[in-house]
Amino acid sequence: MQYMLLIYSGDSMNEFGQLSEEEQNSILGEYYAISEAPGVTGGDQLQPAETATTVRVEGGQALTTDGPFPTTKEVLGGYYLLEADDLDAALELAARIPAARMGGAIEVRPVVERTGS
């Protein structure tokens, strides 16, 4: 089964910026190690939410808004795509993601698997 591990940074980005260069490099190493873990098939960090453009369609017209539409404390900062035997394995990997212990949250969501037609 595939799981998407969505990384919501919350206040962790503020905390990260206050760390020494050595501590920052250590945390970045943890993210890299997770990207190399067995079963991880993809993932990346996202640009800040301020760089987003939100698209909605009303009356057949595409309307765009600069930045993210919702105002939230936690912002989607990146993701990993994981192939795992079960939810417990996905949760175990999610708990290793630094943002989870630095004021953020990791949303673990199964990917809909479609069979060939």
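Modeller: The mean pLDDT of the protein chain is 88, and 91% of its residues reach 70 or more, where pLDDT is the predictor's confidence in each residue, from 0 to 100. This is a predicted model, in which local features need pLDDT of at least 70 and side-chain atom pairs count only at pLDDT 80 or more, whereas totals for chains, interfaces and linings use all residues. Residues are numbered from 1 along each chain as its sequence is written, and side-chain values use heavy atoms, with hydrogens and water left out.

Turning to the part you asked about, the largest nonpolar core has 16 residues. A nonpolar core here is a set of buried Ala, Val, Leu, Ile, Met, Phe, Trp, Tyr and Cys residues joined through side-chain atoms within 4.5 Å. The residues with the most contacts inside this core are Leu5, Tyr80, Leu82, Leu93, Ile97, Ile106 and Val108. At least two core residues come from each of β1, β5 (76–83), α3 (87–94) and β6 (105–110). Leu5 shows how these pieces meet: leaving aside neighbours within four places in sequence, Leu5 is in contact (heavy atoms within 4.5 Å) with residues including Tyr80, Leu82, Leu93, Ile97, Ile106 and Val108. Other contacts of Leu5, counted in the same way, include Gly78, Tyr79, Ala90, Ala94 and Glu107. Across the chain, among contacts between residues at least 6 apart in sequence, 75% join residues at least 24 apart.

Leu87, in helix α3, counts as partly exposed because its relative accessibility is 40%; beyond four places in sequence, Leu87 touches Tyr3 and Val108. Leu87 and Met4 lie 83 residues apart in sequence, yet their C-alpha atoms are 11 Å apart in space. Ala89, also in helix α3, is partly exposed because its relative accessible area is 32%, and, with residues up to four places away not counted, Ala89 touches Leu82 and Ala84.

Strand β5 also holds Glu83, which counts as partly exposed because its relative accessibility is 40%. Under the same exclusion of residues up to four places away, Glu83 touches Met1, Gln2 and Gly39. By contrast, Ser9, in the loop between β1 (2–8) and α1 (12–17), is buried because its relative accessible area is 12%. Ser9 touches Val75, Gly103 and Gly104, again without residues up to four places away.

Conventions:
Helices (H or I, at least four residues) and strands (E, at least two) are DSSP runs, numbered from the N terminus. Buried means under 20% relative accessible area, exposed over 50%, partly exposed in between (1.4 Å probe, protein chains only).
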